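Please keep the structure open as you go through them.

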Amino acid sequence: MTLYHENTAFWDGIATSKPCLSEMARHFSSDDEMAIALGFSRGTVRKWVTGHNGISGTAERRAKEWLSARSKAPNSDGMVMLVACSAAMALKVQKVLGILGCDVTEI
């Protein structure tokens with residue numbers, strides 16, 4: 001279940017003013033992971049949802065950049081890299097690369 005599906009009313013409510021953040025919430029299942037992907041500290045997204053903090057324009061801009069990086073074609077100014085890690089760390093490495101907007105293929 002994604003952040004969007006956990007609190008649909010909130011994300012639909014901000015969709016008119018912050019459409020990129022609303023769309024980005026569909027890609028994450030953890031609010032802390034989304035905050036880190038946006039360059040904010042853990043708990044930031046949770047505070048937005050609970051109403052303890054307002055959402056800045058910087059957050060929307062970073063969400064737009066993150067979404068555009070995810071939508072680029074693999075051959076458009078990207079590169080292919082080989083990352084070697086132990087089997088025990090594979091899931092964590094895939095998660096971190098996903099947060100950074102990288103496509104991961106395990107071989």
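1. Let me begin with Cys85, which is partly exposed, because its relative accessibility is 40%. Do bear in mind throughout that this is a predicted model. For the sulfur of Cys85, the closest cysteine sulfur is the one in Cys102, and at 14 Å it is too far away for a bond.

2. Cys20 counts as buried because its relative accessible area is 16%. A disulfide needs two cysteine sulfur atoms within 2.5 Å, and by this rule the count is zero disulfides.

3. You will find Cys102 in the segment after helix 7 (90-99). The residue is partly exposed, with a relative accessible area of 34%. If neighbours within four places in sequence are set aside, Cys102 is in contact with Arg70 and Leu97. As for the other end of the sequence, His5 is 97 residues from Cys102 along the chain, and the C-alpha atoms of the two are separated by 23 Å.

4. Now to the rings. How many aromatic pairs does a search of the whole structure find? The search finds three. One of them joins Phe10 and Trp11, with ring centres 4.9 Å apart and planes at 80°, so this pair is edge-to-face. Phe10 and Trp11 are both buried.

5. Another aromatic pair is formed by Phe28 and Trp66, and this one is tilted: the centres are 5.1 Å apart and the planes make an angle of 45°. I would look at where the two partners come from. Phe28 lies in the loop between helix 3 (19-24) and helix 4 (31-37), while Trp66 belongs to helix 6 (residues 57-71), so that the pair links distant parts of the chain, 38 residues apart. Phe28 is buried, as is Trp66.

6. Arg26 has its charged end over the ring of Tyr4, 3.8 Å from the ring centre. Arg62 places its charged end over the ring of Phe40, in this case 4.7 Å from the centre.

7. Arg26 is partly exposed, with a relative accessible area of 37%. Glu23 is partly exposed too, and its relative accessible area is 33%.

8. How many salt bridges does the structure hold? It holds five. Among them is the one between Asp31 and Arg46, whose closest N and O atoms are 2.9 Å apart. This pair links distant parts of the chain, with Asp31 in helix 4 and Arg46 in helix 5 (residues 44-50), 15 residues apart. Asp31 counts as buried because its relative accessibility is 15%, whereas Arg46, at 41%, is partly exposed. Asp32 joins in as well: Asp31, Asp32 and Arg46 are linked in a network of salt bridges.

9. Last, a residue I would ask you to check by eye. Lys18 is found in the loop between helix 2 (8-14) and helix 3. Is this lysine buried or exposed, and which side chain of opposite charge is nearest? Lys18 is buried, and the nearest side chain of opposite charge belongs to Glu60, 6.2 Å away. A salt bridge needs a nitrogen and a carboxyl oxygen within 4 Å, and Lys18 has none. Beyond residues up to four places away in sequence, Lys18 touches Ile55, Ser56 and Glu60. Glu60 is thus both a contact of Lys18 and its nearest side chain of opposite charge.

Terms used:
Residues numbered from 1 in each chain as written. Predicted model: local features only at pLDDT ≥ 70, side-chain atom pairs only at ≥ 80, totals over all residues. Heavy atoms only, no water. Buried < 20%, exposed > 50% of the residue type's maximum accessible area, 1.4 Å probe, protein only. Phe/Tyr/Trp six-rings, centres within 6.5 Å; stacked < 30°, edge-to-face > 60°. Helix = DSSP H or I, 4+ residues; strand = E, 2+ residues; numbered from the N terminus. Lys NZ or Arg CZ within 6 Å of the ring centre and 35° of its normal. Lys, Arg positive; Asp, Glu negative; His and termini not counted. Contact = heavy atoms within 4.5 Å.
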